[in-house]
Each structure stands twice: as structure tokens, then as C-alpha cells.
Amino acid sequence: MILCATGHRDPMLFFTKDSRKNFDVWLEQVKFDLSSWLSEYKNNIEYTISGLAQGWDTIFLEECVKLNIPVHGYAPYPGSQYEQFKNIVKEYKLISPKYHKRCFFDRDEAMVNASDMVLALLAPTATKGGTFYTRNYALDKRKPVANFWI
């Protein structure tokens, strides 16, 4: 099984001012749930794909590395924020030779197309944005999506 991840870069934005005090506890639970899920299915995972962005992509990558699950990194365009992961991932794929308006969508579509399942961190209130688009793209491609938002 090949997995990819899509998620918000800053999930705290979806928390109200009053509930932000619980964000760290929430995030630790999300990481625990992800790690437990990956551990349970580890023997069935051929490799995973991370989009190498801040937030969920990086959390996903770190949890996979901790569990010795191979990670392929898909960078939307050249940039130091992505290239810092070249020595961590098993395989590094550059989707576009330069930045353009659709490069993030192209990266996300390539990840979904190469995977069997998507592990998401999508706020239930989200109605737009890259994570929302990628989740819908995956569903349109009949790929199962597990959302780790709690």
C-alpha cells in the first residue's frame, strides 16, 4: 500500500481564540493517532508520500521516519524549504522546474495519483484551500481518505 498525506499548514487557524489553549494537547493526540495507525498497518505499507510542506506534511514525514517507513518527497518547485528534506526521504521528486500558479495543485494531484490512500488533516469547517481540494480530488479518483482531525 502507498499512502500520501494532505493537511493544513497551520491547523491552529481553525481553532477559536478560547480553544487555542488546548491546541498543544489536541496536536499531541493527533500525532499519537497517526503513529498508532501507521504502526498498525506498517507491514502493509510499501512507502509513503509527503508534500514536504509545514504542518501536517512534516508531521506525517516525521512519524514515518520514526517508524522506519520509507518516505518519498514530492516538492512542488525548487526551494530550500523542500530541499532540506532530500537527505531524509528515500526518493525526492520535483514536480515543476519553477514556481507557477498551479504547482501546488499539480504536486497534490501527483501524490494522490501515485497513492492507494490519503491520510488527511482537514478541519470539518474547511470549504476551500489546498487540503480541501486534494481531499475532493482523491475522492473523485475513488481513493479512500482517512481524516485525522479530532
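This is a predicted model: local features need pLDDT of at least 70, side-chain atom pairs count only at pLDDT 80 or more; totals for chains, interfaces and linings use all residues.
How many of the 11 residues of helix 2 are buried? Eight are, so the helix is largely enclosed by the rest of the structure. The buried ones are Trp-56, Asp-57, Thr-58, Ile-59, Phe-60, Leu-61, Glu-63 and Cys-64.

Take Thr-58 from that list. Thr-58 sits in helix 2, which runs over residues 56–66. Its relative accessible area is 16%, and Thr-58 counts as buried because the cut-off is under 20%. Leaving aside residues up to four places away in sequence, Thr-58 touches Ala-53 and Phe-85.

After helix 2 comes Asn-68, which has a positive phi, near 60°.

Now the core. The largest nonpolar core contains 35 residues, and Leu-38, Leu-119 and Phe-148 have the most contacts inside it. Two or more residues come from each of strand 1 (2–7), helix 1 (23–41), helix 2, strand 3 (71–75) and strand 5 (117–121). Helix 1 contributes the most to this core, seven residues.

What does Leu-38 touch, not counting residues up to four places away in sequence? The contacts are Leu-3, Ile-45, Phe-60, Glu-63, Cys-64, Leu-67, Ile-69 and Leu-119. Of these, Phe-60, Glu-63 and Cys-64 are among the buried residues of helix 2.

There is also a second, separate core, with 10 residues, including Ile-2, Cys-4, Tyr-137 and Ala-138. As background, nonpolar side chains in soluble globular proteins tend to be buried together.

Key. Residues are numbered from 1 along each chain as its sequence is written. Side-chain values use heavy atoms; hydrogens and water are left out. Helices (H or I, at least four residues) and strands (E, at least two) are DSSP runs, numbered from the N terminus. Buried means under 20% relative accessible area, exposed over 50%, partly exposed in between (1.4 Å probe, protein chains only). Contact means heavy atoms within 4.5 Å. A nonpolar core is a set of buried Ala, Val, Leu, Ile, Met, Phe, Trp, Tyr and Cys residues joined through side-chain atoms within 4.5 Å.
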